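Dear colleague,

Please find below the structure that I am handing over to you, followed by an account of what was found in it.

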Amino acid sequence: MDGTTLCGHPDTPVIKVCPILVVCSHIMLLFLYILFYRFLIHSITLRALAFTRYTESQPYSTIINQFNKYAKKKNLDISIELNLLTIYNSTFSLNDFGSMVEALFKKKNKYELYFYDNVYTTKYGKYLLNLKEWIPKNTLDLYDQKIISETCYYNEKLVGLPVQLSYSVMYSNESYLKKYNKRIPKTWNELIETSIYILEKEKEKNNTNLVAYNGLLDDSEQGTYSLIDYIYSCREDKSSAYPDLRSQSSINALNMIKELKNKIGSDEIFSSNYYISVGKLFEPFSMLFTRFLIFQPPEKYLIPHKISPLPGLHEGVSSSLVCGFNIGISKYVTNERKNASLIALDYITSLETHKKFVLKELTTPFMPSLLDDEEVCHSIDCELFKSFQYIGRQINKNSIYDFDTYSDKYRNYIYEFLYGNKMASDVLKKVEDISKIYYVSLNTKDSAIGLVSLVIVSFLSLIMILSLIFLFKEFYIPFFEFLSIDFWILIIIGLILISSICFTKFDLIINGLLVATPYMIKNIMVEDGQNFQMCTMNNIYGKILVSSPDFIKIIIVGIMLILIFSEWNIQSTLIDMRLILASLYINIICIIIITIIKYVKFNSYKIYFTIKEFIYLTITISNYLILYGIRLLTAFMENWKIKSSSKKNKNNLNKNIIAITAKLKNCRSDDESSQNNNKSYYESKMTNDNSNNSNFNSARVQSFFVKIMNCHYSVESNSYNSSHNYNSNSENKSYNTFESTP
């Protein structure tokens with residue numbers, strides 16, 4: 001038999017393999033391997049980032065290890081790799097870490113899970129997934145809602161959940177309290193009284209090293225946190241919200257802090273950094289009362305003091321500042337990794353996981369149901385945690401500054417009162433001004449400029465509206481024959497709108513077109529002043545639209561100037577043209593000033609508003625007086641002359657009225673005489689103009705320039721036509737309403 005035997009057996013038939021079949025089989029095996037790996041073996045590795053100062057008490061490594069074991073046990077094919085930055089493996093401080101995290105967020109796909117300091121919730125919120133859309137409501141209900149609302153929300157979006165928290169408390173030296181039969185103070189006044197009593201007793205025994213209270217008002221974030229606690233502890237009752245900065249409660253809080261410093265402390269003690277406080281906290285006889293955070297083991301068991309809530313201005317009112325870290329999911333992850341991250345988050349934030357870590361004392365409890373769990377309460381003081389009145393650190397939720405910048409300003413301004421001579425109300429006003437945006441409004445709390453402007457505009461508008469009555473009185477009608485009544489009404493309405501332009505805009509068409517490219521709000525931040533906002537347009541299309549009304553105004557002004565020039569010498573409208581020109585000049589000057597103001601930097605919203613409103617009122621008042629008011633004044637003067645003459649001779653009253661009417665409506669003889677006197681002049685002038693422009697005009701049509709010049713030298717409205725047909729009469733011409741009665 002030809003060919004090679006299979007396995008050396010002589011009777012085995014030879015099998016010839018087709019090369020194409022071999023290739024196809026290999027491709028099929030590879031395809032099956034890929035499918036098997038993709039759907040059965042493939043796992044997702046999530047990336048998590050965290051930062052800690054203390055590697056011994058940090059929970060992140062334990063959390064990740066526990067989840068990885070859980071995922072492996074449940075065959076989830078999900079694992080997490082943790083990048084844990086510490087003071088030992090990096091040079092980052094907490095603030096540096098905050099900046100680095102934001103930079104990583106902007107890279108979008110670097111990490112899926114972030115453990116972040118909850119003080120930066122407002123800073124990171126825009127980069128994080130809204131968990132409210134993904135976490136079941138029954139899971140969210142497990143958390144203390146006060147803690148969640150204070151530390152986890154950004155613009156009404158839930159962007160994180162707590163992982164590790166700590167709270168501010170007061171450590172009381174029970175040795176001294178028992179020695180002098182004193183209880184742990186419930187109010188700040190009681191703390192002062194107890195401290196003064198014990199300090200005096202100890203001084204009698206030559207113990208001058210005892211510090212009554214640390215204050216913890218140093219030049220660090222701890223100082224800011226202490227201030228938040230003090231102000232919150234001085235609210236009126238337990239259910240009250242965090243006091244407004246300029247409220248009496250805030251003023252009372254600052255006065256109480258200063259009283260504490262002056263009576264039982266000093267500038268040196270209260271301003272000493274928190275490392276000194278921590279050091280003395282572990283000494284049994286150095287401090288009487290100390291404000292600090294709850295420590296985790298093993299430090300917790302080395303402190304020889306009793307933990308209790310901070311005192312308050314009133315008994316039953318306290319404050320516990322919430323510090324710690326949340327976990328959030330980047331909103332830039334793919335759907336596959338988002339689903340895997342949500343599975344991991346569901347495990348990490350579950351009641352069972354939280355209970356494990358509370359029992360291991362890797363975190364304090366923040367799920368209220370655990371405080372009724374016997375196993376948990378056997379390990380921790382549940383009643384203590386139930387007594388806490390939580391407040392978050394996000395005092396700058398509505399601030400355009402980040403927390404670090406805001407905190408520095410906030411703290412330094414208040415220290416001007418505590419360690420200086422400023423008034424409490426003054427420094428609180430400065431603190432409010434850090435983030436407050438000021439507006440012109442009718443509320444006179446900040447400024448009366450809005451109300452005053454409204455009163456002025458309303459008063460002027462009322463006067464202008466009431467003055468329209470004279471348009472319908474027979475005696476005054478001849479003085480307003482230059483325009484029809486409806487045009488005079490439109491002028492008054494326009495002037496009212498101009499006077500109100502600082503309160504609103506009426507460019508409806510332009511505003512409609514700007515929907516696609518709206519104005520941007522520019523924050524004008526004023527150091528040690530009042531911040532305000534301005535509307536700016538950065539889009540080229542929007543700039544063109546915004547500028548289009550200005551170009552239209554330029555065209556209108558140009559046309560008006562040409563028309564005024566063309567009718568400059570017409571006797572019947574001689575004064576009208578000059579008044580319109582005067583009005584136009586004032587408008588041009590004001591528009592130029594407004595344009596210049598757009599490029600001037602203002603540090604006061606009051607000055608900015610006042611200047612603009614003054615300009616618009618100048619336009620309104622000047623135009624009203626020049627175009628409308630002077631006609632009323634002329635009419636009043638004529639009326640007064642008539643009444644004055646009637647006192648001397650009542651019989652002349654009717655004659656004067658008839659004379660005015662005749663003067664205003666039948667001045668033909670004077671105009672015809674004037675026309676005859678000027679006929680030869682205009683005919684020669686027009687002849688010269690026609691000869692000079694013969695190269696530019698046809699026999700019947702003259703150039704535009706020549707027409708304007710011809711009109712300019714005309715003394716009455718139909719004199720230009722009279723040059724072609726002098727025999728035409730002037731029955732329809734207008735008359736100068738400003739001539740007085742002879």
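Lys-355 is partly exposed, with a relative accessible area of 23%. In this predicted model, the side chain of Lys-355 meets that of Glu-375 in a salt bridge, at 3.2 Å from N to O.

Lys-356 takes part in a positive surface patch, together with Lys-69, Lys-73, Lys-74 and Lys-360. The relative accessible area of Lys-356 is 42%, so this residue is classed as partly exposed; a patch member must exceed 30% and have no salt bridge.

Salt bridges

The structure holds 23 salt bridges in total. One of them joins the side chains of Arg-246 and Glu-432, with a distance of 3.3 Å from N to O. This pair, too, links distant parts of the chain: Arg-246 lies in the loop between α9 (221-233) and α10 (248-264), Glu-432 lies in helix α18 (residues 424-435), and the two are 186 residues apart.

A local example is the salt bridge of Glu-383 with Lys-386, in which the closest N and O atoms are 3.7 Å apart. Both residues lie in helix α16 (residues 382-386), and because they are three residues apart there, about one helical turn separates them. Glu-383 is exposed, with a relative accessible area of 54%, while Lys-386 is partly exposed at 40%.

Aromatic residues

How many aromatic pairs does the structure hold? There are 41 aromatic pairs. Among them is the edge-to-face pair of Tyr-60 and Phe-325, whose ring centres are 5.9 Å apart and whose planes form an angle of 80°. The pair bridges distant parts of the chain, with Tyr-60 in helix α2 (residues 60-73) and Phe-325 in strand β10 (residues 320-329), 265 residues apart. Tyr-60 counts as buried, at 0% relative accessibility. Phe-325 is buried as well, because its relative accessible area of 14% falls under the 20% limit.

Elsewhere, one aromatic cluster is formed by Phe-105, Tyr-111, Tyr-114, Tyr-116, Tyr-120, Tyr-124 and Tyr-127.

Nonpolar surface

A nonpolar patch on the surface is made up of Leu-442, Leu-451, Leu-454, Val-455 and Phe-503, which together have about 410 Å² of accessible area. Of these residues, Leu-451 is placed in helix α19 (residues 449-466). Leu-451 is partly exposed, with a relative accessible area of 36%, and therefore passes the 30% threshold for patch residues.

Backbone geometry

Some backbone features also deserve a mention. Most residues other than glycine have a negative phi, and most peptide bonds are trans. Against this background, a cis peptide bond joins Pro-297 and Pro-298, with omega at about 5°. Pro-298 is located in the loop between β8 (287-293) and β9 (306-308).

Which residues other than glycine have a positive phi? Glu-156 is one of them, with phi near 65°. Glu-156 lies in the loop between β4 (153-154) and β5 (157-158) and counts as exposed, at 73% relative accessibility. Another is Asn-181, for which phi is near 55°. Asn-181 is found in the loop between α7 (174-179) and α8 (188-204), and Asn-181 is exposed, with a relative accessible area of 71%.

With kind regards

Definitions and conventions. Residues are numbered from 1 along each chain as its sequence is written. This is a predicted model: local features need pLDDT of at least 70, side-chain atom pairs count only at pLDDT 80 or more; totals for chains, interfaces and linings use all residues. Side-chain values use heavy atoms; hydrogens and water are left out. Patches are made of residues with over 30% relative accessible area and no salt bridge: like charges are joined within 9 Å, nonpolar side chains (Val, Leu, Ile, Met, Phe, Trp, Tyr) within 5 Å. Accessible areas come from the Shrake-Rupley method with a 1.4 Å probe; for residues, only the protein chains shown count as cover. A salt bridge is a side-chain nitrogen of Lys or Arg within 4 Å of a carboxyl oxygen of Asp or Glu. Lys and Arg count as positive and Asp and Glu as negative; His and the chain ends are not counted. The place of a charge is taken as NZ of Lys, CZ of Arg, CG of Asp or CD of Glu. Buried means under 20% relative accessible area, exposed over 50%, partly exposed in between (1.4 Å probe, protein chains only). Helices (H or I, at least four residues) and strands (E, at least two) are DSSP runs, numbered from the N terminus. Rings of Phe, Tyr and Trp (its six-membered ring) pair if their centres lie within 6.5 Å; planes under 30 degrees apart count as stacked, over 60 as edge-to-face and the rest as tilted.
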